[in-house]
Amino acid sequence: MLSDAQWAVLEPLVEACRPKAKTPPQDLRRTLSAILWRHQNGAKWRAIPQDLGPWWRAAQIFIRWSRGGVWERLLALVQERGVQLGMVFLDGTNMRAHQKAAGAAKKGGSAAERDDREAVGRSRGGYGTKACVIADGAGRAIAFRIAPGQAHELPHALPLLGRLPGIPQWVVADRGYSSQRFRQQLREVGATPAIPSKSNEAPERCPDWIYTNRNVVERLWARLKEWRAVATRYEKTASSFTGGLCLAAALDHLR
């Protein structure tokens, strides 16, 4: 699954961010290949080919590392190669949740509170998850936030901007992010918004030569959704689904 060239790039990054246990994972390259195979194909863990090792080992490592934030750290490490902050893009998309994505442990609270904690809910498109991303000028994901499917994208904009390593020149987003307060907050930190106004708002400056680049983030979602476990949510927990998103984005950086 992982070629020699891919593993030569990926191995030092994984070693830098994985938890250091007394007993290191056995045959880490094969286990990571199994994890990638499962997420790219959207299959059950038990369907992993036998030549990629025991399915339970891949499942255990992926879930344990998701809880520990390893995949987020991997994404952060690949970004040390550089990000382009001339333009950054905010965008959100809905992922339908498979029926197997339901049933996470309640851990206290009502079913509605559990759904909010695990970022699943009902939207116009059905049962699913809203995933919001901030991407750099090259169309590479920098950070994600997920929420129940019915959630609005705007409350996640400032937390995502806070994940940037610097101040961008332009912040490009669609009308879902149109807010006078949000535009003012961007100007106060030194960024220029390129967000078209809604029909019931006063017109705002949104240069066409900037806004036309928004297809960059749409192409990013198209690449990430080639991973079937990203296009459809199979994970019960928010940490596992976020881990899958970050793993796909890290590989997209290294492509």
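## Strand E1 and its neighbours

Let's start with strand E1, residues 87-97, and strand E5, residues 170-172: these two run parallel and are joined by 3 bridges. Within that pairing, Met87 has Trp170 of E5 as its bridge partner. Strands here are DSSP runs of type E with at least two residues, while helices are runs of type H or I with at least four residues, and both are numbered from the N terminus. Two strands pair if DSSP finds at least two bridges between them.

This is a predicted model, where local features need pLDDT of at least 70, side-chain atom pairs count only at pLDDT 80 or more, and totals for chains, interfaces and linings use all residues. Residues are numbered from 1 along each chain as its sequence is written, and side-chain values use heavy atoms, with hydrogens and water left out.

E1 has other partners too. With strand E3, residues 126-135, E1 runs antiparallel, and 8 bridges join them. Thr93 has Ala131 of E3 as its bridge partner, and Met95 stands opposite Thr129 in E3. Strand E7, residues 232-233, pairs with E1 in the parallel sense over 2 bridges, with Thr232 of E7 as the bridge partner of Arg96. As for cover, 9 of the 11 residues of E1 are buried. Buried means under 20% relative accessible area, exposed means over 50%, and partly exposed is in between (1.4 Å probe, protein chains only).

How many of the residues of E3 are buried? The count is 10 of the 10, so E3 is largely enclosed by the rest of the structure.

Ala135 stands opposite Ala141 in E4. The hairpin of E3 and E4 has 5 residues between the strands, and Gly139 takes a positive phi near 75° in this hairpin.

## A backbone angle to look at

Now for Ala119, which sits in the loop between helix H5 (111-117) and strand E2 (121-123). Its phi is near 60°, a positive value in a residue other than glycine. For context, most residues other than glycine have a negative phi. Ala119 is buried, with a relative accessible area of 3%.

## Salt bridges

Side chains of opposite charge can pair when their charged atoms come close. The structure holds 13 salt bridges, each one a side-chain nitrogen of Lys or Arg within 4 Å of a carboxyl oxygen of Asp or Glu. One of them links Glu204 with Arg187, where the closest N and O atoms are 3.4 Å apart. Glu204 lies in the loop between strand E6 (192-194) and helix H8 (208-211), and Arg187 lies in helix H7 (residues 180-189), so the pair ties together parts that are 17 residues apart in sequence. Both ends are partly exposed: Glu204 has a relative accessible area of 23%, and Arg187 has 40%.

Arg214 and Glu218 form another salt bridge, with their closest N and O atoms 2.6 Å apart. Arg214 is buried at 11% relative accessible area, whereas Glu218 is partly exposed at 41%. These two also belong to a network of salt bridges that links Asp91, Asp174, Arg214 and Glu218. Then there's the pair of Arg255 and Asp252, whose side chains meet at 3.2 Å, N to O. Here Arg255 counts as exposed at 61% relative accessibility, but Asp252 counts as buried at 8%.

## A positive patch on the surface

Which residues gather in a patch of positive charge on the surface? They are Lys44, Arg46, Lys100 and Lys236. Patches like this are made of residues with over 30% relative accessible area and no salt bridge, with like charges joined within 9 Å and nonpolar side chains (Val, Leu, Ile, Met, Phe, Trp, Tyr) within 5 Å. The place of a charge is taken as NZ of Lys, CZ of Arg, CG of Asp or CD of Glu. Lys and Arg count as positive and Asp and Glu as negative, while His and the chain ends are not counted. Accessible areas come from the Shrake-Rupley method with a 1.4 Å probe, and for residues only the protein chains shown count as cover.

Arg46 is exposed, with a relative accessible area of 64%.
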